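Subject: Handover of a structure

Dear colleague,

Please find below the sequence and structure that I am handing over to you. I would be grateful if you kept them open while reading the notes that come after.

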Amino acid sequence: MLHLRVIAPVDRSAEVVDVLSADAGVTHLAVLPGAARQPPGDLILCDVVRESADRVLRELRRIGVDTSGGIAADDVELTISAAADRAAEEAPGSGADAVVWDEIAAKTGEQTELSGTYLVLIVVATMIAGIGVLLDQPILIVGAMVVGPEFGPLAALCVALLRRQLGVIGRSVQALVVGFLAAMVATVLSTWALTAAGLVSREMLLAERPLTDFIWRPDALSWVVGLLAGVAGMLSLTSKKSGSLVGVLISVTTVPAAANVAVAAAYGVWDEAGGSALQLVINLSAIVLAGLLTLVVQQVWWWGVARRSRRPATG
């Protein structure tokens, strides 16, 4: 369930209340006339079940509340109310499967910023993976996968492609390209530094590495794993099952592949660098494709739910 705080101009307040009152998924409706100061207007509070939230937000935006007033939404962790129970029963669909598109767009849009934190995380993750490659240590590889922040821009790219948001698409691609390039350059430099210090050597890369050689030897299963990870990752975001996202992060070899490219390039082992680069491209493209298809299926599903319930389509 979401808690909505709506600021509506006085001349549109009645229309907003009518929209909220007409939806079976809205409950705990309260109106505080003249309570809002910036922007000025009436403050309208309500709770809405997740399966109705997207429809309600669309209606509020249709009547211009987002431009003349404001809309804020927060998750409600606990609701003890017979009215809320009735709203959940009467609203079409399941709250566990509900997609609130504005929420997803806002959440993923934040991940497209090419911030200092993002760059540090992807650089650190790739350097850790580079050491893991040389030591043939899966623990370090898994740790690097968890630290890597690249799934955020990938998810944002999927959402932006579905909603045809060219600006977000550009920022997502920029974050991915600049992030991986910076991480690989830093890993090349760190590999040279560690070699000069006598901590690692070219022979470690050329030695048998049975536990991590999958990183630079892509096959059909690499594509399959990438697709499955894209589906699971997008579902974890849209359904708020964030715990599943950790499993997604340690199932694809994006950061380790970038690290292997950098380490192999640092030592001039170009066949291995090429294999790792192919692994990276396969995983990135598979995640984006699967994530986009997952969003399309969810959108079509909720259109069907809306039609069966004789309500306006969502998405």
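The notes below go from the whole chain to single residues.

This is a predicted model, in which local features need pLDDT of at least 70 and side-chain atom pairs count only at pLDDT 80 or more, while totals for chains, interfaces and linings use all residues. Residues are numbered from 1 along each chain as its sequence is written, and side-chain values use heavy atoms, with hydrogens and water left out.

The whole chain

The protein chain has 14 helices and 4 strands; these are DSSP runs numbered from the N terminus, with helices being H or I of at least four residues and strands E of at least two. Of its 315 residues, 49% are buried (under 20% relative accessible area, with exposed meaning over 50% and partly exposed in between; 1.4 Å probe, protein chains only). The accessible surface comes to about 14,500 Å², and carbon and sulfur atoms hold 64% of it (Shrake-Rupley method with a 1.4 Å probe; for residues, only the protein chains shown count as cover). Among contacts (heavy atoms within 4.5 Å) between residues at least 6 apart in sequence, 79% join residues at least 24 apart.

The nonpolar cores

In soluble globular proteins, nonpolar side chains tend to be buried together. A nonpolar core is here a set of buried Ala, Val, Leu, Ile, Met, Phe, Trp, Tyr and Cys residues joined through side-chain atoms within 4.5 Å. The largest such core has 53 residues, of which Phe180, Leu205, Tyr267 and Leu295 touch the most other members. Among the elements that give two or more residues to this core are helix H6 (116-135), helix H9 (166-196) and helix H14 (270-308). Apart from it lies another core of 19 residues, including Leu4 and Val48. Not counting residues up to four places away in sequence, Tyr267 touches Leu134, Thr191, Thr195, Val200, Ser201, Arg202 and Leu205.

Helix H6

H6 has 20 residues and reaches 29 Å from its first C-alpha to its last, close to the 28 Å expected at 1.5 Å a residue (1.5 Å times one less than the number of residues). Its buried residues include Tyr118, Ile122, Thr126 and Val133, and their cover includes H7, H8, H9, H10 and H13. Thr126 is buried, with a relative accessible area of 0%. Leaving aside neighbours within four places in sequence, Thr126 is in contact with Ala183, Thr187, Val255, Ala258 and Ala259. After H6 comes Asp136, whose phi is positive, near 55°.

A buried arginine

Arg209 and Val133 are 76 residues apart in sequence, and their C-alpha atoms are 8.1 Å apart in space. Leaving aside neighbours within four places in sequence, the contacts of Arg209 include Val133, Asp136, Trp216 and Glu272.

Helices H8 and H11

The axes of H8 and H11 come within 11 Å and cross at roughly 80° (lines fitted to C-alpha atoms, for helices over the stretch in contact, with angles from 0 to 180 degrees between N-to-C directions). H8 and H11 are therefore roughly perpendicular to each other (65 to 115 degrees; under 35 is roughly parallel, over 145 roughly antiparallel and the rest oblique). Phe151, Ala155 and Cys158 in H8 meet Gly233, Met234 and Leu237 in H11.

Yours sincerely
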